[in-house]
Amino acid sequence: SAPLACSTKSEIPSFYPLIEEEFVVAKPNLIFTQDLCAVCAPTAEDVKKILDGENEITIISLEPSTLEQVADTFVTVASACGIRERGQKLRDAWLNKFRCLQNEILQNRDASTTSKKMFLLEWLDPPMDSGHWTYQMMDFACVDMANQEARSNVKSKQIDWEEVYNAKPDVVVVGCCGFDLKRNVKDALRHSDKLAPLVRNSCVIFACDGNSYVTEPGPSLIQGAAVLAQCAYHDQPQVLKAIESLGIIPLSKGFQLVDVPLEMPSNPLTTESVSSSLGIPDIEDLTGTSTCTNGFAQAHENACQAGKQTYEDPETGYLVFTELALKRRGYCCGSGCRHCPYGHENVDLGNKAKRIQQPAILYKQSSTASIFSLNDNKNVKVLFNSGGKDSFLTMRALAKSHNNGSSFGLVLLTTFDST
């Protein structure tokens with residue numbers, strides 16, 4: 001395979017790397033890139049590294065945050081290609097389509113209708129609200145943003161599910177970044193336990209092609225606004241017909257109603273599925289697995305043995321950096337990476353519980369001489385240990401009770417890196 005565009009050995013390859021050999025063959029004199037997100041596509045800095053000081057190539061980085069700024073990029077691109085007038089015409093026509101969509105909805109919706117409250121989710125695990133231009137898309141779709149404080153978001157941010165519940169939305173649209181309709185439907189169903197409380201409160205759940213219609217700053221955002229409008233007014237045929245008449249997007253394309261089950265199947269914690277060859281497993285590997293090969297620990301071990309930088313999570317399908325890749329960085333980045341080889345030393349203390357998704361389990365000791373031995377002991381007490389003063393005092397009280405003749409085993413439940 002072609003070499004990746006990494007300037008130093010300490011860097012982790014991008015999920016979307018530049019291929020040097022093809023880059024050289026193409027001999028570009030104009031390059032468009034972006035600086036909105038270093039995860040989604042190569043940044044201007046990535047491009048500069050591969051150019052190695054080449055001054056004859058023009059690099060234009062696009063970084064819009066609003067619909068107007070997205071429209072301005074049409075002019076920027078056209079101007080760089082020597083056809084500025086075409087870019088201006090496209091800009092004006094595109095923005096006018098949003099106004100036409102809004103007018104059609106206002107003229108055709110039920111007179112007694114108040115605007116639906118919509119929550120647009122750009123990620124599910126952890127949940128992330130929407131940012132950038134999405135609040136404007138909802139305005140033109142004639143819906144109210146359920147989380148009004150997010151209107152000031154420059155970027156989407158991580159939130160708690162309680163924030164989604166407290167917003168009391170009428171409609172939730174799952175439009176995860178980088179995923180098409182099929183994948184977002186699948187992920188929505190996978191998170192049914194989180195979405196079910198919303199359905200119980202009469203909220204309707206939709207999934208859409210987030211990659212095409214929500215998160216990419218381009219011409220298809222007008223189709224995205226029409227999709228959001230169809231989700232909000234799914235129960236008003238006259239509005240749907242009016243939207244269809246605009247010719248922006250075929251009716252019902254790019255989104256789908258998600259039938260969220262209200263009763264979740266039981267999923268007991270089991271240790272039988274974890275191979276002893278893996279050592280002490282993570283709690284995620286003890287949950288919902290039928291064989292040891294289903295847990296991500298085995299997938300990670302196989303990837304490391306093969307010298308790979310990433311592996312595909314068997315449950316979510318996400319690409320995850322291996323410990324080998326993270327060691328190339330040389331330090332903890334503070335993001336709470338699953339396989340951090342540095343003990344998450346740079347993760348902010350206030351965010352450790354949210355960011356570190358790899359709790360640990362304390363297993364029974366092998367020595368029968370230890371206090372609180374679980375061997376041959378049917379009476380077990382469980383202490384949720386925070387590592388603080390109260391937990392320590394409770395442990396002392398239990399030790400005193402144990403020494404006074406009350407025989408029992410003690411299990412401490414804690415989180416990884418508890419302080």
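This passage describes the overall make-up of a predicted model and then several of its local sites.

The model is predicted, so local features need pLDDT of at least 70 and side-chain atom pairs count only at pLDDT 80 or more, while totals for chains, interfaces and linings use all residues. Residues are numbered from 1 along each chain as its sequence is written, and side-chain values use heavy atoms, with hydrogens and water left out.

The protein chain contains 15 helices and 13 strands. These elements are DSSP runs numbered from the N terminus (helices: H or I, at least four residues; strands: E, at least two). Of the 419 residues, 39% are buried. Buried means under 20% relative accessible area, exposed means over 50%, and partly exposed lies in between (1.4 Å probe, protein chains only). The accessible surface is about 22900 Å², and carbon and sulfur atoms hold 51% of this area. Such areas come from the Shrake-Rupley method with a 1.4 Å probe; for residues, only the protein chains shown count as cover. Among contacts with a separation of 6 or more, 62% join residues 24 or more positions apart. A contact is defined by heavy atoms within 4.5 Å.

Helix α8 spans residues 192-200, and its buried residues are Ser192, Leu195, Ala196 and Leu198. They lie on the same side of α8, because they cover an arc of only 165° around the axis. The arc is taken from the directions from the helix axis to the C-beta atoms. The cover over these buried residues includes α6 (161-167), β7 (171-174), α7 (181-190) and β8 (204-208). Just after α8, Ser202 adopts a positive phi of about 70°.

Aromatic rings were examined next. Rings of Phe, Tyr and Trp (its six-membered ring) pair if their centres lie within 6.5 Å; planes under 30 degrees apart are stacked, over 60 edge-to-face, and the rest tilted. Trp94 and Phe98 form an edge-to-face pair, because their ring centres are 4.9 Å apart and their planes stand at 85°. Both residues lie in helix α4 (residues 84-108), four residues apart, about one turn of the helix. Trp94 and Phe98 are both buried. Trp161 and Tyr165 form a stacked pair, with 6.3 Å centre to centre and 25° between the planes. This pair lies in helix α6, and its members are also four residues apart, about one turn of the helix. Trp161 has a relative accessible area of 11% and is therefore buried. One aromatic cluster is formed by Phe74, Trp94, Phe98 and Phe140.

A charge also meets a ring. The charged end of Arg183 sits over the ring of Phe179, 4.3 Å from its centre. This assignment requires NZ of Lys or CZ of Arg within 6 Å of the ring centre and within 35 degrees of the ring normal.

Two further residues were examined. Asp313 occupies the loop between β10 (310-312) and β11 (319-321). Its relative accessibility is 4%, so Asp313 counts as buried. The Asp313 side chain makes a polar contact with the side chain of Arg338 at 2.7 Å. A polar contact is a pair of N or O atoms within 3.5 Å; within protein, one must be able to donate a hydrogen and the other to accept it, and residues adjacent in sequence count only if both atoms are side-chain atoms. Beyond neighbours within four places in sequence, Asp313 contacts Phe296, Tyr318, Val320 and Arg338.

Ile60 belongs to strand β2 (residues 58-62). Ile60 counts as buried because its relative accessibility is 18%. Leaving out residues up to four places away in sequence, Ile60 touches Leu30, Ile31, Phe32, Thr33, Thr76 and Ala80. Ile60 and Val77 are 17 residues apart in sequence, with 8.5 Å between their C-alpha atoms.
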